[in-house]
Amino acid sequence: ARDKDRQRTLKMEAVPVLAAGTAPGSLSQIVDPAVSQRILTLTQGDLRQAVFAAEWLFEQAHASSNVAAQTKMQMLTEGAVPALCHHLSSESPEMRTNACRVLGEMAFRNPEICRAITSHELVVPKLLLMMDSNGRCDAGLVLNNCAAFCEHSCTSMVECPGLVETFKKMATCNNSLARGIAVGVFNCLSRCPAVAQVLVDARVVEEALAPALCASGKSDQHEAMLALAAMTMANLT
């Protein structure tokens, strides 16, 4: 039944067309009706259809896709950010995960989309609410990408009440993946001059980075986290 539902949701073929009056080659104006249909499904479809639509949009927006750039800009202009924001509070863990994956992929190497995500009044607060659940890594990666590729997003993020404290807690947790993501977020934020002092004042060095550097582990992931923590500490001291 699941496969049949997925086939019904994904049956439309991607046939890109140019909007009227558009110069050929303008990525921001290429319209793919399949993308439009999936975004519409996010807002009007049932939960199962929305899950599959988000999965499809993630695949199209992924950096490995040869249509990723045009897909992401179309998603932005057609309202994918607020549509995905709605699903961040879904009762379905799968839907929340898929929504985060799409947002994170949209933000990757695209400052305009990063800014749109962090400027939305509900996206960052909803992502922070996910930090107390099994979806904290998915939510953290969205914010990591926004901070990595857009300086404006860095300032928007630290203005959200509780964000710095949430990532401080995450940086000292027992989950190595979550700890690495939190340190990565602080590393991105620390490179923004307007934000660095906020992190210093919040004692991120003493209460997040120093404990992270003392954490035990032997994996490559752990070693990467240690390197990021050391670089972040250097940025803030």
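## Helix 5 against helix 6

Helix 5 passes helix 6 in a left-handed crossing, meaning that the near helix is turned anticlockwise from the far one by less than a right angle. Helices here are DSSP runs of H or I with at least four residues, strands are runs of E with at least two, and both are numbered from the N terminus. This is a predicted model, in which local features need pLDDT of at least 70 and side-chain atom pairs count only at pLDDT 80 or more, while totals for chains, interfaces and linings use all residues. Residues are numbered from 1 along each chain as its sequence is written, and side-chain values use heavy atoms, with hydrogens and water left out.

Two packed helices are described by the angle between their axes and the distance between the axes. For helix 5 (residues 80-87) and helix 6 (residues 93-107), the angle is about 150° and the axes are 8 Å apart. Axes are lines fitted to C-alpha atoms, for helices over the stretch in contact, and angles run from 0 to 180 degrees between N-to-C directions. Helix 5 and helix 6 are therefore roughly antiparallel (under 35 degrees counts as roughly parallel, over 145 as roughly antiparallel, 65 to 115 as roughly perpendicular, and the rest as oblique).

From helix 5, Ala80, Val81, Leu84 and His87 meet Met95, Arg96, Ala99, Val102, Leu103 and Met106 of helix 6. The residues of this contact divide into 8 nonpolar, 1 polar and 1 charged. Ala, Val, Leu, Ile, Met, Phe, Trp, Tyr, Cys and Pro count as nonpolar, Asp, Glu, Lys and Arg as charged, and the others, Gly among them, as polar.

## Valine 102

Valine 102 lies in helix 6. Its relative accessible area is 0%, so valine 102 is buried (buried is under 20% relative accessible area, exposed over 50%, partly exposed in between, with a 1.4 Å probe and protein chains only).

Leaving aside neighbours within four places in sequence, valine 102 is in contact (heavy atoms within 4.5 Å) with Ala54, Leu57, Phe58, Met75 and Leu84. Alanine 54 is 48 residues away from valine 102 in sequence, but their C-alpha atoms are 6.7 Å apart in space.

## Helix 2 against helix 5

Helix 5 also packs with helix 2 (residues 33-44), at an angle of about 40° and with the axes 9 Å apart. Helix 2 and helix 5 are therefore oblique to each other. Their crossing is left-handed.

Here Ile39, Leu42 and Thr43 of helix 2 meet Ala80, Ala83, Leu84 and His87 of helix 5. This contact holds 5 nonpolar residues, 2 polar and no charged.

## Helix 13

Val195, Ala196 and Leu199 are buried in helix 13 (residues 193-201). They cover an arc of only 115° around the axis, so they are on the same side of helix 13; the arc is that of the directions from the helix axis to the C-beta atoms. Pro193, Ala194 and Asp201 are exposed on the other side. The buried residues of helix 13 pack against helices 10, 11, 12, 14 and 15.

## Two arginines with positive phi

Arginine 203 is in the loop between helix 13 and helix 14. Its phi is near 60°, a positive value in a residue other than glycine. Arginine 203 counts as partly exposed, at 39% relative accessibility.

Arginine 109 is in the loop between helix 6 and helix 7 (111-119). Arginine 109 has a positive phi of about 60° although it is not a glycine. With a relative accessible area of 62%, arginine 109 is exposed.
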